[in-house]
Amino acid sequence: MSEFSVEHHEPIDPRLEAYEGSPYLQMKAAQVEQGEDFTVGFTDVDNTFHRKDRQVESEALFSSAMEHRYPIVAVTGNDLAGIVKRQATNELPKFPILIGSVGTEIHVLQPDGTYKRDEEFREMLLKEKHYDRPVIAQSAAEMIADLAERIPEAELNYQGTEQSPYRQAEEAYVKDPEANKEMVQEFKVSFHFFADSPEGVEAIARESDARFPGQEIIICEEINYNNQLPPEEQRKKYCLDVVPITKAGAVDYVTKRTGVEKGIVAGDSGNDTDMLMKSGRLQAVIVGGAKSELLSEADKVAGEKSGRSSFRRVLGEDDTLKAMYVERCERKGPESLQYAGTVLKRAENIKKIREQTKGEPETL
């Protein structure tokens, strides 16, 4: 990343220590030097930026972005260790910023290739979001025990099998939080459950809202499991996360903290919904191969539209008008991102031309 070294004269907010001298801010300086608005792409990782059947396309997309000093920020459910492990095998690139664990951690790439955590963001989750990990862990254990009696068909439990490291770590943490705090994710507790109807999902959502007041509840389908089910099967598996902030909140934090002026957010599944709909004026991209739960939400917001692909203007949940591109062609993941970027750039150029010629007499 050293090729992006650009002298930066602006003072750095002391709360942004992790960002000082980072490739991310170096790319911002390069854009500003060219007289451009600071533009950033925020993208989910698996099946959006990266697909196993589109590795070449992912690499080409990232190379093109770096060449144009256009930061791509990863927004993923994976934690830092999981992403770094995949970077070591060259499966994933060195993203300038990693927003991990479903938006609850932010790590900034340093000039030496390592990542430094945004500690200001962490402090904000502790103080402003009041995420008391031991209390939430106790409530989680109580919910599992209670629903085993009242809604046994849901089979609600920590994510993973009985012998999985995650479940064992959570069970150990409840017994002794201090001794096992390094074994769990600081700002996330994850479950799975089963339901055969929307009403069944809603029942679990209500239970979670009641037991974890003030926290964010994220529910989405467990795609890997459900993809193996026969089409007629109604009983599906779901993931449930209890977190102090969502992907949307983390994207908003980075956008405001670093002065992002425009860009895109991209995703493919249910836990990307709020990031796509609640990202201010950042344009939303739903890539090819997106899950039905996300497409359904998009249609609720924008209204169904016929055709193999669509590019629509929608009113987000935060009452801002934005563009949303929904891929309905054969393009998948990074191919959709590349194409959507081209479409959005073309639309922006057309808008600029119209603004420049506004009021001038039309000529043949």
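The side chains of Arg133 and Glu170 are joined by a polar contact of 2.8 Å (a pair of N or O atoms within 3.5 Å; within protein, one must be able to donate a hydrogen and the other to accept it, and residues adjacent in sequence count only if both atoms are side-chain atoms). The model is a predicted one, in which local features need pLDDT of at least 70, side-chain atom pairs count only at pLDDT 80 or more, and totals for chains, interfaces and linings use all residues. Residues are numbered from 1 along each chain as its sequence is written, and side-chain values use heavy atoms, with hydrogens and water left out.

Arg133 is located in helix H5 (residues 133–150); helices (H or I, at least four residues) and strands (E, at least two) are DSSP runs, numbered from the N terminus. Because its relative accessibility is 6%, Arg133 counts as buried. Here, buried means under 20% relative accessible area, exposed means over 50%, and partly exposed lies in between (1.4 Å probe, protein chains only). A second polar contact, of 3.0 Å, runs between the side chains of Asp268 and Thr48. Asp268 sits in the loop between strand S10 (262–267) and helix H11 (273–277), and with a relative accessible area of 2% Asp268 is buried too.

The loop between S10 and H11 also holds Asp272. Asp272 and Lys247 meet through their side chains in a salt bridge of 2.6 Å, N to O (a side-chain nitrogen of Lys or Arg within 4 Å of a carboxyl oxygen of Asp or Glu). This pair links distant parts of the chain, since Lys247 belongs to helix H10 (residues 247–258) and the partners are 25 residues apart. Both ends are buried, with a relative accessible area of 0% for Asp272 and a relative accessibility of 1% for Lys247.

Helix H10 contains another such pair, Lys256 and Asp252, which are 4 residues apart, about one turn of the helix. The closest N and O atoms of their salt bridge are 3.2 Å apart. Lys256 is exposed at 63% relative accessibility, whereas Asp252 is partly exposed at 35%. In the salt bridge between Glu327 and Arg331, the closest N and O atoms are 2.8 Å apart. Glu327 is buried at 5% relative accessibility, while Arg331 is partly exposed at 23%. Salt bridges also link Arg117, Arg122, Glu123, Lys127 and Glu186 in a network. The whole structure has 22 salt bridges.

Charge also gathers on the surface, where Glu153, Asp196, Glu232 and Glu233 form a negative patch. Patches are made of residues with over 30% relative accessible area and no salt bridge, like charges being joined within 9 Å and nonpolar side chains (Val, Leu, Ile, Met, Phe, Trp, Tyr) within 5 Å. Glu233, one of the patch members, is in the loop between helix H9 (223–226) and strand S9 (236–243) and is partly exposed, with a relative accessible area of 31%.

Turning to the backbone, most residues other than glycine have a negative phi. Ser101, although not a glycine, has a positive phi of about 50°, and Val102 likewise has a positive value, near 55°. Ser101 lies in the loop between strand S3 (97–100) and strand S4 (105–109), and Val102 is found in the loop between S3 and S4 as well. Ser101 is buried at 0% relative accessible area, and Val102 is buried at 3%.

Terms used:
Areas by Shrake-Rupley, 256 points an atom, 1.4 Å probe, with all protein chains shown as cover. Lys, Arg positive; Asp, Glu negative; His and termini not counted. Charge placed at Lys NZ, Arg CZ, Asp CG, Glu CD.
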